[in-house]
Amino acid sequence: MKILILNSGSSSIKYQLIDMPSEEVLCKGLVERIGSEEALFQYKTAKVTVEETLQIKTHKQGLQLIAELLVDSKKGIVGQANEIQVIGHRVVHGGTTFSAPTMVTPFVKDKIKDLFALAPLHNPHNWEGLDLAEEIFPQAKQVAVFDTAFHQTLPLKAKKYAIPNHLFDEHKIQVYGFHGISHQYVSRTTINHLNKPKSKIICIHLGNGCSITAVVDGVSVDHSLGFTPANGLIMGSRSGDIDHSIIFYLVETLGYDLKEVNRMLLKDSGMKGLTGFNDLRDVQAAAEKGDIASDLALEMNAYRIKKYIGAYATAMNGLDAIVFTAGVGENSSELRKRVCTGMDFLGILMDDGANEKREAGILELHTSDSPVKILVVPTNEELEIAKQSFKLVSLIT
Ligand code: ADP
């Protein structure tokens, strides 16, 4: 079964064509800077690489280009568009409605639309991707896979904020959590790797956005992102946890504009606010050259992660493994080392040599006598969407 995975963002579409159940990636690529004269179009199969800069005005035009190349007689990978039987869509916010992958129907589309207010930067583009895919691939079954779904299992004590109850009851103001597709893939891969279905795992997703999840027996029980993807860890340009009174102080006492404060906390804070760089490679390079602010920012970043590890080990009353994933988690031995230093009381003992190895795939970074396993598991959200879509479609056909 050939499944096209679509991840539609505000000005981009990332895509992969995956054959299931073989999990072979037949084609992958992206369209970036949609709306500009100089959009970037990438398309890669085993035999063909296309990389062009051209005018792509709309998402529709971008998706049409992808569809045309997929069936192209020379560069294509399928004979006809109807060989693509399923389209698996990443949808960021499923609210309280969706706790599992779902076949797309008019009702489901309406529900995703109802959630625009909760994810204004993501759901409208995800919805547009669904709508366009129905038009361009009318024969394919459409499946929506939600980033929030994995965290629907959070117990109420972790899901609710300590604010008046009616805000939860009537307005659904609660922790939704994000990066769920990644956390689900990485925690399941970890459980399989350790062959330990009964397990207490802390999954640390460190990309541009960062989050941490406590997973008991494969189920998410606590998570650091909240009502929106702003809470918790220090991220590339987002502050993570702050005292909310700072917002009122900035507006009421220092005369900031509220919208500007929101922008600042999301786009100019985190590593960028502390160092001027939001890419961790730049922060590390500056710290190596002796930049004190960059060194402190790395230490603050690691310290926040350590505090969450302590909290989640307590929440789970134990810990079998911590697992690092995503761009920073998979690549930054520096940050991993800072996180794992001084954690021996919890049974986290890192093998520094193993941490420095640059190998693909799952890595084990713990010493042979470490009570807690330390792993790197490369995330693969596209494969997770393909797996979930394949399972759902196979069940109902
Ligand atoms: P996204 O959250 O956008 O999916 P990724 O998971 O791809 O992001 O992570 C991107 C980030 O990973 C980059 O901004 C960069 O900070 C970090 N990164 C990538 N490679 C390295 C590396 N070798 N060392 C340190 N950080 C890295």
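Tyrosine 249 has 48% relative accessibility, so it counts as partly exposed (buried is under 20% relative accessible area, exposed over 50%, partly exposed in between; 1.4 Å probe, protein chains only). This is a predicted model: local features need pLDDT of at least 70, side-chain atom pairs count only at pLDDT 80 or more, and totals for chains, interfaces and linings use all residues. Residues are numbered from 1 along each chain as its sequence is written, and side-chain values use heavy atoms, with hydrogens and water left out.

**Overall fold**
- The protein chain holds 15 helices and 14 strands (DSSP runs numbered from the N terminus: helices are H or I with at least four residues, strands E with at least two).
- Its radius of gyration is 22 Å, close to the 21 Å that the globule rule gives for 397 residues, so the protein chain is as compact as a globular protein of that length (taken over C-alpha atoms; the rule is 2.2 Å times the number of residues to the power 0.38).
- The C-alpha trace spans about 60 × 55 × 45 Å along its principal axes.
- Of the 397 residues, 49% are buried.
- Residues at least 24 apart account for 62% of the contacts between residues at least 6 apart in sequence (contact means heavy atoms within 4.5 Å).

**Surface**
- The accessible surface is about 18700 Å², and 52% of it belongs to carbon and sulfur atoms (Shrake-Rupley method, 1.4 Å probe; for residues, only the protein chains shown count as cover).
- Tyrosine 249 sits in helix α7, residues 245-253.
- Together with Leu254 and Tyr256, Tyr249 forms a nonpolar surface patch of about 310 Å² accessible area.
- Such patches take residues with over 30% relative accessible area and no salt bridge; like charges are joined within 9 Å, nonpolar side chains (Val, Leu, Ile, Met, Phe, Trp, Tyr) within 5 Å.
- A salt bridge is a side-chain nitrogen of Lys or Arg within 4 Å of a carboxyl oxygen of Asp or Glu.

**Histidine 59**
- Histidine 59 belongs to helix α1, residues 59-70.
- Its relative accessibility is 8%, so histidine 59 counts as buried.
- The histidine 59 side chain reaches the backbone oxygen of glycine 9 at 2.9 Å.
- Beyond neighbours within four places in sequence, the contacts of histidine 59 include Ile34, His125, Glu128 and Leu132.

- Most residues other than glycine have a negative phi, and most peptide bonds are trans.
- Methionine 20 and proline 21 are joined by a cis peptide bond, with omega about 10°.
- Proline 21 lies in the loop between β2 (13-19) and β3 (24-32).
- Asparagine 195 has a positive phi near 55°.
- At 66% relative accessibility, asparagine 195 counts as exposed.
- Alanine 326 has a positive phi of about 75° and lies in helix α12, residues 326-331.
- Alanine 326 counts as buried at 6% relative accessibility.

Technical notes. Polar contact = N/O pair within 3.5 Å; in protein donor to acceptor, adjacent residues only side chain to side chain.
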